[in-house]
Amino acid sequence: MKVDVVLGLQWGDEGKGKIVDVLARNYPVICRFQGGPNAGHSLQFSGKSFVLHSVPAGVFRKNTVNLIGNGVVLDPVIFRQECLDIAKMGVNPTENIIISKRAHLILPTHRIMDAASEASLGKAKIGSTLKGITPTYTDKTARKGLRVGDVLAGDFSKKYNSLTQRHLLLLKQYGFQYQRGKIKNEAASMEFNLKDLEAEWAEAVDFLKKFRIADLEYEIDSLLKTKKALAEGAQGTMLDVEFGAYPFVTSSSTICAGACTGLGIAPSKIGKVFGVFKAYCTRVGSGPFPTELSDAVGEEIRQKGHEFGATTGRPRRTGWLDLPALKYAIMIDGVTDLIMMKADVLDTFDTIKIAVGYKVGGKKTDKVPFDPDTKVEPVYKEFKGWKKDLTKCKSAEDLPAAFKRYIAFIEKELGVRISYVSVGPDRSQTIKL
C-alpha cells in the first residue's frame with residue numbers, strides 16, 4: 001500500500017487540518033511527519049470546532065490509527081493538554097495514537113532559548129511562535145537532543161539535566177543568569193521560573209508514558225502491508241528549511257520528501273500528493289510576500305477569512321493568489337492533486353486578482369528569487385468576481401460560472417487539476433470536482 005501526502009503549498013495556514021479530516025474516512029492510518037506545536041490545524045464538524053497542534057487530524061475518526069513520526073518535535077506539556085481536550089470530546093487518545101521513539105522532545109529551556117533568541121534580534125526577528133521549535137531542531141542536528149524513547153530509559157534524568165545545563169550556559173550569551181530556580185535577564189525584563197516549568201514538564205512526561213511509544217518505522221512498514229496511509233504536513237512548502245525564503249523559514253522539511261525522512265518510509269511508497277492552497281495568500285511573521293495587500297482590501301480579506309493564527313492569535317498578512325510561488329511548490333512537491341480552500345472568503349469582491357508573474361529589475365519572470373531581499377513587483381491578471389454565496393453550494397453544478405472560470409484558469413496555468421474546493425469551515429462544506 002502507498003502513503004498519500006497532504007501538504008501546504010503556501011506559507012502555512014492553508015486549511016490542511018480540515019482536508020485531512022475530510023480525507024481521513026478513506027485512510028485507516030494518519031501520520032504527522034514534521035513540525036511541532038507551532039502548527040495549528042483547525043477542524044470543524046457537527047457544530048464543534050477544534051484546533052490540533054501535535055496530534056494527527058484523524059484522531060476524531062473511529063478505527064483510525066494516528067502516528068506521530070520521528071520528524072516531529074513534541075512538547076509533553078502542550079501534548080498532554082491537547083489530549084485532555086480531545087478526551088472532553090468523547091475520544092480516548094491513548095487508544096489510537098502511537099508515538100515514534102525517535103521524535104525529539106521540547107524541554108522548558110528550549111522555549112526559554114527561543115524567546116531569548118527572538119528578543120535579541122530586535123526588528124530583525126523571524127516571527128517565531130516561541131514554542132521552542134528551532135532550539136529543539138538545533139539540538140537534534142547537533143546530536144545533543146532528547147528523544148521520546150529516552151523517557152523509558154533508566155538514565156533519563158541524567159540526560160535531561162545534562163542538556164538543561166548546556167542550555168543554561170548558552171542562555172548566558174543572551175545575558176541570562178540562573179539563580180534560585182529562576183532564569184532572569186533584567187536588562188530585557190525577562191524572567192522564567194524554571195522550577196515550576198520543570199515540575200509541570202515532569203508531570204506531562206509521566207502522562208506521555210501512557211501512550212504506545214514504538215519503533216515507528218517498523219510499525220508503518222507493517223501497517224502498509226494491508227492498509228493505506230495519509231501523511232499530514234504542517235506549515236507550508238514556502239516555509240521549508242531548504243527551499244523556502246531562508247532565513248524566514250521553519251526548522252523542518254515541510255515538503256513531500258520530508259514525509260520520507262520524517263516517517264522512515266522509502267520514496268517509492270509515496271502515492272498521491274495533495275497540495276492545499278487558499279484562493280488567496282496569507283503569511284504569519286517576517287519574510288517576503290510579493291502579493292501582500294497593506295490596504296483596505298487586505299484588511300477585508302483578513303476579517304472575512306478570520307485570518308488570525310490558530311496557535312498564536314496573531315493577525316496574518318494577506319494578499320492575492322501567487323501563481324509563481326504555487327508553480328514552484330508544485331514542482332518541489334510533485335503535486336498530483338490540488339485542493340483550493342476558503343474560496344468563499346472572496347464571495348463579495350467585484351474584482352479578484354491573481355499574480356501570474358513577477359517583475360524583477362524591470363524583467364518579467366515566473367521564477368521565485370533566491371534572495372528574500374529581492375524587490376519583486378507582481379504582474380496581475382484580473383477576474384470578475386462571482387458575487388454568490390459559495391457556502392450554499394452543495395455540488396460542482398451549484399458553483400457559479402465566474403468561479404468555474406477562476407478555477408479553470410488556475411488549472412491551466414499550473415498544469416494540475418483542482419480535485420476539491422472548500423466553500424466553508426465545516427467538513428461537509430467540501431466539494432469534489
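After α4 comes Arg143, with a positive phi near 65 degrees.

This is a predicted model, in which local features need pLDDT of at least 70 and side-chain atom pairs count only at pLDDT 80 or more, while totals for chains, interfaces and linings use all residues. Residues are numbered from 1 along each chain as its sequence is written, and side-chain values use heavy atoms, with hydrogens and water left out.

**Helix α3 against helix α6**
- The axes of α3 (residues 108-120) and α6 (residues 194-208), which are lines fitted to C-alpha atoms over the stretch in contact, come within 9 Å and cross at roughly 130 degrees.
- The two helices α3 and α6 are therefore oblique to each other, a class that holds the angles left after under 35 degrees (roughly parallel), over 145 (roughly antiparallel) and 65 to 115 (roughly perpendicular).
- From α3, Pro108, Thr109 and Ile112 meet Leu194, Leu197, Glu198 and Trp201 of α6.
- The residues of this contact comprise five nonpolar, one polar and one charged.

**Helix α1**
- Helix α1 (residues 16-23) is mostly covered, with eight of its eight residues buried, among them Lys16, Lys18 and Asp21.

- Ser268, in the loop between α8 (256-263) and β14 (270-278), is exposed (over 50%), with a relative accessible area of 53%.
- Ser268 and Gln235 lie 33 residues apart in sequence and 24 Å apart in space, C-alpha to C-alpha.

Key
Axes fitted to C-alpha atoms, helices over the stretch in contact; angles between N-to-C directions. Helix = DSSP H or I, 4+ residues; strand = E, 2+ residues; numbered from the N terminus. Contact = heavy atoms within 4.5 Å. Nonpolar A, V, L, I, M, F, W, Y, C, P; charged D, E, K, R; others polar. Buried < 20%, exposed > 50% of the residue type's maximum accessible area, 1.4 Å probe, protein only.
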